[in-house]
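Morning, everyone. I have one structure to walk you through today. Please have a look at it while I talk.

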Amino acid sequence: MDPLTHLLDGPRARRAFALRVVMSPNWSIKVQDRAPLTVMAMMSGNAWLEADNERFELRQGDVAIVRGPEPYTVSDDPSRAPDVVIHPGQRCTSPSGNDLQTSMTHGIRTWGNASTGQTTMLIGTYETDAEIGAAVTTALPRIAVVPAGEVNPSLLGFLEGEIISDAPGQGSSIDRLLDVLLVHSIRAWAALHPETARGWLAGGTDPLIARTLTFFHESPAEAWSLDSLAQRLNVSRATLAGRFRAGVGEPPMTYLTNWRMLLASELLADPRLTTTQIAAKVGYGSPFALSTAFKRRFGVSPTGYRDRTYLRAETAIQTRLKGNPARPLEVGEAVG
């Protein structure tokens, strides 16, 4: 399965952060939450998005995808100095450090400098790499803007309704809708920018690369080698290696290793799976072989990664919910 299909097939948006933002002039928000990926949909009004000396005007119906973890600014005027700062954990303060959490909260997952305002945005923040997959994010530029009309407005409206709802099951519904919005936005951006798409997104324009990616995505556990791939595709090793590197930006076997590591990192979210089972699913003959490759990629063993990324986060979430399970989740808390 390709990365976008995989995005919808597992715990992608678990513990993601979703919010409806309502702003009235004058405002400027500096986001330094260190999140790897944020999706921003303009429901009304307009805003300026700026990162790495690039500036984009967002209008009603536009969707922006922002790659982290570096900071960026959203404002009604790009010349305006920030008056709100968003920190890791979605903690919000003034530039001087005064807490603004309570004063800017206006109901269920609604936040801003006013309860009603000219500008309304939906924000979905994926807070760990494992939730979204490195293969998805690295294929995108720092900021990818999808113009109004390229993403179905009904999807945006449905997501907005779920974000401000406290109905049963809304947490999982938000998770899935956020994933669908991300998938549709990436598709639309890639179709509009075939010349600048990178990684696996760029591979679709070359039939040879597309077939190679299909083999990798659908059968990651197979014992692939450059020779076996070339034979299956009926081309020379040199042709395959050269065209794949030119189109995707890395050698075929490097891409396969990275894809396997992505799959392993997400399979670790399932506590029922042992490292032996995960190794078999991603093409490694033993848990030791998987652990060696995994440490090289993530700097920690699979067991350590599972504890750091999933178990501790889940424990923290359950502790917060047990404290008052009846109340709606507030700014800075998870939605899944």
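I will start with the whole chain and then go to single residues.

First, a word of care: this is a predicted model. Every value I give is computed.

Now the overview. The protein has 13 helices and 12 strands. How many of its residues count as buried? Of 336 residues, 49% do. The protein exposes about 15,000 Å². Carbon and sulfur atoms supply 52% of that area.

Find helix α12, which covers residues 287-298. F294 lies in that helix. Is F294 buried or exposed? Its relative accessibility is 0%, and the cut-off for buried is under 20%, so F294 counts as buried.

What is F294 in contact with, once we leave aside neighbours within four places in sequence? Among the residues in contact are M261, A264, S265 and L268. The list also includes G299, V300, S301, P302 and Y305. Look at A264 again. In sequence, A264 and F294 are 30 residues apart. In space, their C-alpha atoms are 8.3 Å apart.

Now the backbone. Where do we find cis peptide bonds? One joins P25 and N26, with omega at about 5°. N26 is found in the loop between β1, residues 17-23, and β2, residues 28-31. Another cis peptide bond joins G68 and P69. Here omega is about 10°. P69 also has its place in a loop, between β6 (63-67) and β7 (72-75).

Last topic: positive phi. R34 is not a glycine, yet its phi is about 65°. Look for R34 in the loop between β2 and β3, where β3 is 37-44. R34 has a relative accessible area of 47%. Buried is under 20% and exposed is over 50%, so R34 is partly exposed.

N234 is not a glycine either, and has a positive phi of about 60°. N234 lies in the loop between α8, residues 226-233, and α9, residues 237-248. How does N234 count, buried or exposed? The relative accessible area is 71%, so N234 is exposed.

To recap: F294 is buried, R34 is partly exposed, and N234 is exposed. Find each of them on the model. Thank you.

Terms used
Residues are numbered from 1 along each chain as its sequence is written. This is a predicted model: local features need pLDDT of at least 70, side-chain atom pairs count only at pLDDT 80 or more; totals for chains, interfaces and linings use all residues. Side-chain values use heavy atoms; hydrogens and water are left out. Helices (H or I, at least four residues) and strands (E, at least two) are DSSP runs, numbered from the N terminus. Buried means under 20% relative accessible area, exposed over 50%, partly exposed in between (1.4 Å probe, protein chains only). Accessible areas come from the Shrake-Rupley method with a 1.4 Å probe; for residues, only the protein chains shown count as cover. Contact means heavy atoms within 4.5 Å.
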